[in-house]
Amino acid sequence: MSEAYYVTHELKILPEFFKAVRDYTKNFEIRKCDREYHVGDVLLLREWDGNKYTGEKVKREIEKAFEKMRAGLPVVISTSLLADLTPMDITDKNGIEKMQ
């Protein structure tokens, strides 16, 4: 049996979208396909105000990537809360933690 390897994709996210992800009223991302996204990979979404990181971040697991992934085209990614986060990974039930 082979081991599964998952990738963490660190991405910028604007405050209005970050708040919706944080509050779990938005459970998807539409992104330019500039990398390979796979089910089980983690999105590390870092709030970006347009000039700098705010220090807030949230982690979500990829449940499904819709559409055939072709470089440069949009891809829709369905996300969920991570099931197996350790206390070092999160500071609250939404997977939000302050950057040090």
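Is Arg 60 buried or exposed? Select Arg 60 to start. At 0% relative accessibility, Arg 60 counts as buried (buried means under 20% relative accessible area, exposed over 50%, partly exposed in between, with a 1.4 Å probe and protein chains only).

Before moving on, note that this is a predicted model, where local features need pLDDT of at least 70, side-chain atom pairs count only at pLDDT 80 or more, and totals for chains, interfaces and linings use all residues. Residues are numbered from 1 along each chain as its sequence is written, and side-chain values use heavy atoms, leaving out hydrogens and water.

Arg 60 sits in strand E4 (strands, E, are DSSP runs of at least two residues, and helices, H or I, of at least four, numbered from the N terminus).

Next, select Val 21. Its backbone oxygen lies 2.9 Å from a polar side-chain atom of Arg 60. Leaving aside residues up to four places away in sequence, Val 21 also touches others, including Ile 13, Leu 45 and Val 58 (contact means heavy atoms within 4.5 Å).

Now show the largest nonpolar core. It has 12 residues, among them Val 21, Phe 18, Tyr 37 and Ile 77 (such a core is a set of buried Ala, Val, Leu, Ile, Met, Phe, Trp, Tyr and Cys residues joined through side-chain atoms within 4.5 Å). Strands E1, E3, E4 and E5 and helix H1 each give two or more residues to this core.

Finish on E5, residues 74–80. Of its 7 residues, 5 are buried. E5 pairs with E4 in the antiparallel sense over 5 bridges (pairing needs at least two DSSP bridges between two strands). Find Lys 64: its bridge partner in E5 is Ser 78. E2 and E5 also pair in the antiparallel sense, over 5 bridges. There, Lys 32 stands opposite Pro 74.

Conventions
Polar contact = N/O pair within 3.5 Å; in protein donor to acceptor, adjacent residues only side chain to side chain.
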